[in-house]
Amino acid sequence: MEDGGSTRAELVTLYRTMLLIRRFEERAAELRQEGFIPGFLHPYIGQEAVAVGVCAALGAEDVITSTHRGHGHMLARGADPRRMYAELYARVDGYNRAKGGSLHMIDTGLGFLGANGIVGGGIPLATGAGLQRKREGNAGVAVSFFGDGATNQGAFHESLNLASLWKLPVLYVCENNLYGEFTRQDKHQPMTDIARRADSYAMPGVVADGNDVLDVLRVAREARARAAAGEGPTLIEAKTYRHRGHYEGDMGAYRPPDEVREWLARDPIVTFGAWLVERGSVPQGELNEIAARIENELEDAAAFADASPHPQPDEALEDVYRDTYEGMALR
Amino acid sequence: MRLISYAAAINEALNEEMERDSEVFLLGEDIGESGGVFGVTKGLQERFGADRVLDTPISEEAIVGAAVGASLLGGRAVVELMFSDFSALAMDMIANQAAKTHYMSGGQLTAPVTIRLVTGYVGSGAAQHSQSLEAWFTHIPGLKCVAPSTPADAKALLKTAIRDPDPVCYFEHKLLYNRKGEVPDAIEPLPFGQARIVREGSDVTIVAYLKMVLDAVEAAEILAEEGISAEVFDPRSLVPFDRDGLRRSLERTGRLVIVHEAPTRGGFGAEIAAIAAEEYFDLLRAPIARACGANTPIPYAPELENRVIPDPTRIADAARALVEAGSAVH
């Protein structure tokens, strides 16, 4: 691992954010088991270094589209865990006022344009967001997170073609976690390095170690600099692994135990924590304190969600359109 | 007042809206340098530059997605689908993304994109270049759907669509492009949900939109010669639909014929019929009739195409049958 010039405080923040995501997801799984969360959950556990590394390279004016596995991206962008849990609990203080849930969470204030229930659905949207940023004079870039599965969608190929043709400021971040839903990569695409798909579109394609937050950060910084300078998009392939199944409840039995063991031994948070300690600058005690503070924060977030009211049934009829007719959903 | 074509009216609306708001920009296949396959966007790239009138690859999902994505950040993208049939390739961006953004975000975000869908038959365009797919879109909550039949309405409604805060599907009919009509020198945006009575009548209301308005008017002329007074009702926008206008018309006539090119089964006419049956049943003196497209793809040969698309004779036949049966039913 190379610190790439990050300050001690920045390094500690990277660790803290990764751990926040990990514990947010583990608790969410428990809360769902206990019946507090009604919908689907696709845990980000194991992939934390990707979201955190990329988001650390971004500026406030940058925007993000995410996936069905979006909690990590949103937290890495600085979202409020209280409002996230409230949304998962389907309560009115949730980010989307209980209309979206895990698959559609949005925080426009953070430039987080949304998780997405459609595999690959966010890719054209980020391309358009990049187009708009370019129209505004390259005031920021757009980032699209997606998985290996999404790179078989037309939306991916059409978007990369368009973005490269128009030199749009977009970072296409593929989190190759080796599985598209239940299907291993070698059974859903005929190559291993997704970054090579960039060659078809005459754009840089870069592989990052998706379990090394500093490597992801380095690659994302370079890509962002190119985009902001008007040099166009980059495809980043971050190789990583999903510690759990596709969704909470999927045991992932289709994965060979040796493979799982091997990747668990490369846990991005454990690895980075050990590096911080070994490097001498961060005592283990400080990491323990960080972990304790996260527990308190998440305890508070879950309590906030639980205290938030349920929506009134008639709220279902609101928000279909921005302008309403006679206060009703448009007929 | 000037006499200009439907295509020219659309071009003027785009021109004036681009002039008014620098956030308005256009994307589509061959719309820039070539001015569009039907010439609707002619001269706009020359005037506003290639940065605001973007020629795109043949890549419907990406271009509609790019328009939607830009609109999330305040761009006012107007995207052309050269043939509405090609919307099938962009359906995720329209139906799953743009339409639902405002709702699923709990009102945080909206996608105020305008999608121009070039629609309807054109004469031997066959099955993949002739469809009328409006019912796909009227069925999706979150989309507004507009279907103008005259140059003046085309211009006014496109201005409204571009300024509207929600995604709008704007259907424009190929066979109307060269039709001329009077357009005021300065025209204001026309609020959605206001029907137009094209021709007044007292015996039967014929609801028709897009090119079928012309056929409905011809049918009304045939009927007039027989002493039947037909009212032609052009809703102009399908979502929202002018229910009160329909009620007022049925109060005058008590009979309803619905006309569209799209296949009868599951077409928007079924929705209009349901509105009339559920809300205005007491005004009806006869069953509701539909003179709509056959439940087939659009065929190639002129004889076959004419067989499946409604024409003035079939519309008049449907209306006449209602009037003749009317007293017996009541």
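Let me start with helix 6 of chain A, whose buried residues are covered by elements that include helix 5 (122-135), strand 3 (170-176) and strand 7 (234-239) of chain A together with helix 3 of chain B. What we have here is a predicted model, in which local features need pLDDT of at least 70 and side-chain atom pairs count only at pLDDT 80 or more, while totals for chains, interfaces and linings use all residues. Residues are numbered from 1 along each chain as its sequence is written, and chains are lettered from A and ligands numbered from 1 in the order in which they are written.

The buried residues of helix 6 are A:Ala155, A:Phe156, A:Glu158, A:Ser159, A:Leu160, A:Leu162, A:Ala163 and A:Ser164, where buried requires 20 or more other C-beta atoms, placed from the backbone, within 10 Å of the residue's own. Helices are DSSP runs of H or I with at least four residues, and strands are runs of E with at least two, numbered from the N terminus.

Turning to chain A as a whole, we find 11 helices and seven strands. Its radius of gyration is 20 Å, close to the 20 Å that the globule rule gives for 331 residues, so chain A is as compact as a globular protein of that length; the radius is taken over C-alpha atoms, and the rule is 2.2 Å times the number of residues to the power 0.38. Buried residues make up 53% of the 331.

How many residues of chain B are in contact with chain A? There are 34, and they meet 36 residues of chain A, a contact being two C-beta atoms, placed from the backbone, within 7 Å. On the chain B side, the elements giving two or more residues are helix 3 (60-72) and helix 4 (91-104), and the largest share, nine residues, comes from helix 3.

Finally, the largest nonpolar core has 194 residues, and those with the most contacts inside it are A:Ile236, B:Ile206, B:Val257, B:Val259 and B:Ala319. Such a core is a set of buried Ala, Val, Leu, Ile, Met, Phe, Trp, Tyr and Cys residues joined through C-beta atoms within 7 Å. Its largest share, nine residues, comes from helix 1 (residues 8-33) of chain A.

How values were computed:
A residue is buried if 20 or more other C-beta atoms lie within 10 Å of its own, exposed if 12 or fewer, and partly exposed in between; C-beta atoms are placed from the backbone.
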